[in-house]
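Keep the structure in view while reading.

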Amino acid sequence: MSLTKVYDAPTVFKNLNGIMNIYKPAGMKVKHVKNAILHNVTKDLNEMQVREPRKLEIPLLEPGGAANPLLRKMESIDLSDHILATGPRYQISDIRCALVAGLGRHTSGVLLFGINKGIRQSHKIQINRPLRAYHVSGRFGFATETNFPDSRITVRSDYRHVHPERMSSLAASMQASHQRKMFELCGVDLQSQAAYEIACKGLVRPADNTQPVIYGIKLIYFQRPDFTVEVHAINECEDYLAALVNEMGIELRTVAHCTAIRCIRHGHFNVENSLLRHGWNIRGVVKNMRQQQQVLEQHPHLLTQDKIELRSD
């Protein structure tokens, strides 16, 4: 199938529907990312061939005798519809945009938006709550008030006794503890047949969006005092992940704080296909939405899936 370049803004706007996979930089709020993308998209649309001002038919009476005047109609441009009077044809408020799941200011990585008719798809993804994977980096030696490096240092401690084997063992222990907690909330014994049948049906998801659950955590990098763990979770936030780093430091008889959080995957939407900042324009957005549509076609369970939910009581 051959592709043709389109310079007609109404045609492009009509097909501007789908899911966007945006790479959010660290230190930038989600609303600023959204406004920057919509600003660039509307700017590019207004630089294309936009709709011409409407035409008006103005009746004119011409002299044709006192008893028989002539009535003619003349076409003229409706000045109230001219861009000098109305402003640019496309504005940010003309594009509907919804966030699937937010990221904190210190977090970078995969950020999903639904555009126009894609809002329905984004809502379904949000309801299904697919797993998100993070690379969480930390540093031993001192703790801070917010568990991030841009706040005041509260505690200092020695970390020379920490080894990667001990940290890997702690990560495995924390993962097992969270998995045990999920089945306890379901009201079944971890060693029972009911627990086995629940595990065969898929991931056990919380009944609401307020209960964070960790499904996997492992050490992937260790160079004292720096380390990185890979975390798979649902309903998490950056404060929860930063507190997790602090908790790991305490368990290892030292202190630690979080230096970076990077979301590498949201369901089947990977960071490799995320749209970088230099591509936040109409061409990059349309191409990215086409790629994400292929992901949804390959994995239809992202929109409709059967899931086991924890009881909310």
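How many bridges join β5 to strand β12, and do the two run parallel or antiparallel? Three bridges join them, and the strands run parallel. The model is predicted: local features need pLDDT of at least 70, side-chain atom pairs count only at pLDDT 80 or more, and totals for chains, interfaces and linings use all residues. Residues are numbered from 1 along each chain as its sequence is written, and side-chain values use heavy atoms, with hydrogens and water left out.

**Strand β5**

Strands (E, at least two residues) and helices (H or I, at least four) are DSSP runs, numbered from the N terminus. Two strands pair if DSSP finds at least two bridges between them.

| Partner of β5 | Sense | Bridges | Example of facing residues |
|---|---|---|---|
| β1 (residues 18-24) | antiparallel | seven bridges | Gly-18 and Ile-115 |
| β4 (97-99) | antiparallel | three bridges | Ala-98 and Gly-114 |
| β12 (residues 256-266) | parallel | three bridges | Thr-107 and Ile-261 |

Strand β5 spans residues 107-115, and nine of its nine residues are buried. Buried means under 20% relative accessible area, exposed over 50%, and partly exposed in between (1.4 Å probe, protein chains only).

**Aromatic contacts**

The structure holds three aromatic pairs. Rings of Phe, Tyr and Trp (its six-membered ring) pair if their centres lie within 6.5 Å; planes under 30 degrees apart count as stacked, over 60 as edge-to-face and the rest as tilted. Phe-13 and Tyr-90 form a tilted pair, 5.3 Å centre to centre with 40° between the planes. The two are 77 residues apart: Phe-13 sits in helix α1 (residues 9-14), Tyr-90 in the loop between α3 (83-86) and β4. Phe-13 counts as partly exposed because its relative accessibility is 23%. Tyr-90, at 13%, counts as buried. Elsewhere, Phe-140, Phe-222 and Phe-227 form one aromatic cluster.

**Arginines**

Arg-156 lies over the face of Phe-142, 5.8 Å from the ring centre. The test asks for NZ of Lys or CZ of Arg within 6 Å of the ring centre and within 35 degrees of the ring normal. Arg-180 lies in helix α5 (residues 164-185). At 38% relative accessibility, Arg-180 counts as partly exposed. Arg-180 and Leu-190 are ten residues apart in sequence and 6.6 Å apart in space, C-alpha to C-alpha.
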